Amino acid sequence: MGKTNLKGCTLTQMEEFLKQMDEPAYRAKQIIKWIYKGQTEFEKMTDLPKDLIVKLKDRAYISMINIYKKHESTLDETVKYVFLLEDGNMVESVKMKYSFGNTACISSQVGCAMGCTFCASTEGGMVRNLSWGEMADEVIAIEKDSNEKVSRVVVMGSGEPLLNYDQIVQFIKVMNSSLAFNISCRRLTVSTCGIIPGIIRLADEGMPITLAVSLHAPNDAIRNDLMPINKLYPILQLLDACKYYIIKTKRRITFEYALISKINDSEKCARELSNLLKDLLCHVNLIPLNPVEGKQIERSTSSQIRRFEKILMDSGISTTIRREMGSDIEAACGQLRRSLLMR
Ligand code: SAH
């Protein structure tokens, strides 16, 4: 019989595993704490008795993703990781340092099926979902490598998290759990391109995490061109789902809007967006587009971005322009994995 991988075991599963070895249930919590500290060797779990360690070595193991490449920004303290998964696939994560602590931006799928025209993650399509254990590994590996705590997690790397729903929810529970990472829901963000059934389910989950919705357009005509998913889940229906999320969680939604020159950055677009969002409890994050090689789209000028911001602010909509981090290390959205795949 093969060994059991304890990474990816819930507390109940771990207790069951221990029971089968005639061990007391409370050991499960001890082992779980070690796992989330990044320990993979049973001998180093110093509060476990020697005979249990022998049994564990015989019957179990703890998988861990490996750092394949690491790029450190010379402009700021952003670090980009490319991780190698057990099956040879690669995913990217980014660690960003802010005055309030470290934020980990993690991937939820290998590749992505959504086909947004401005995004690098989607080229090559979706390969597979990540398990919640692999997503937790992204955070564990970042903490272990940097020897620093992560205090916020944003699921904004490659993939569409709400199409990997069960694994995302379990991942959030682990991040939130006092046994594991103990990060409060408001410091956990899931970003979606607008998967309506996923938003509704998440609203009913009773986990008031921050929801970020990638909007990028004020109407269906523009959004259909940029984001094929809009044909299935058009803007007005998407906003209805957002309203439901706000009512159920009492949380403000973040709308992400990447400004692309001459496509979605006109003053008319800004006014249309203001009208669309004016009655919603929301925040708009304007993102200077990260240019992706081979795509004929350009970022808006900074004066255009500021004009766009002003129109939203004048309508009473809370708006910020995202500060760029790690722009010297291809830290944006699937760029590094893509550049490695293309070599
Ligand atoms: N699938 C999810 C999460 C991953 S993408 C989603 O769509 O939200 C994370 C964010 O980066 C999204 O807002 C996405 O639209 C944005 N993004 C992708 N490519 C970008 C680019 N080239 N420049 C700026 N933002 C980009």
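**Close-up views of a predicted model**

View 1. A backbone N or O atom of Thr192 lies 3.4 Å from an oxygen atom of the ligand. The model is predicted: local features need pLDDT of at least 70, side-chain atom pairs count only at pLDDT 80 or more, and totals for chains, interfaces and linings use all residues. Residues are numbered from 1 along each chain as its sequence is written, and side-chain values use heavy atoms, with hydrogens and water left out. At Phe118, a polar backbone atom is 2.9 Å from a ligand nitrogen atom. The protein buries 96% of the 540 Å² that the ligand exposes when taken alone (Shrake-Rupley method, 1.4 Å probe).

**View 2. The shell around the ligand.** There are 17 residues around the ligand (a heavy atom within 4 Å). Phe118, Ser191, Ser214, His216 and Asn290 come nearest. The shell holds eight nonpolar, seven polar and two charged residues. Here Ala, Val, Leu, Ile, Met, Phe, Trp, Tyr, Cys and Pro count as nonpolar; Asp, Glu, Lys and Arg as charged; the others, Gly among them, as polar.

**View 3. Aromatic pairs.** Rings of Phe, Tyr and Trp (its six-membered ring) pair if their centres lie within 6.5 Å; planes under 30 degrees apart count as stacked, over 60 as edge-to-face and the rest as tilted. This rule gives four aromatic pairs. Tyr81 and Phe83 are stacked, because their ring centres are 5.4 Å apart and their planes stand at 5 degrees. Both Tyr81 and Phe83 are buried (under 20% relative accessible area, 1.4 Å probe, protein chains only). Tyr257 and Phe308 form a tilted pair, because their centres are 5.0 Å apart and their planes are at 40 degrees. This pair links distant parts of the chain, 51 residues apart: Tyr257 is in strand S12 (residues 253–259) and Phe308 in helix H10 (residues 302–314). Helices (H or I, at least four residues) and strands (E, at least two) are DSSP runs, numbered from the N terminus. Tyr257 is buried at 1% relative accessibility. Phe308 is buried too, at 2%.

**View 4. Charges over rings.** The charged end of Lys37 sits over the ring of Trp34, 4.7 Å from its centre. Arg152 places its charged end over the ring of Phe100, 4.3 Å from the centre. The rule asks for NZ of Lys or CZ of Arg within 6 Å of the ring centre and within 35 degrees of the ring normal.

How values were computed. Buried means under 20% relative accessible area, exposed over 50%, partly exposed in between (1.4 Å probe, protein chains only). A polar contact is a pair of N or O atoms within 3.5 Å; within protein, one must be able to donate a hydrogen and the other to accept it, and residues adjacent in sequence count only if both atoms are side-chain atoms.
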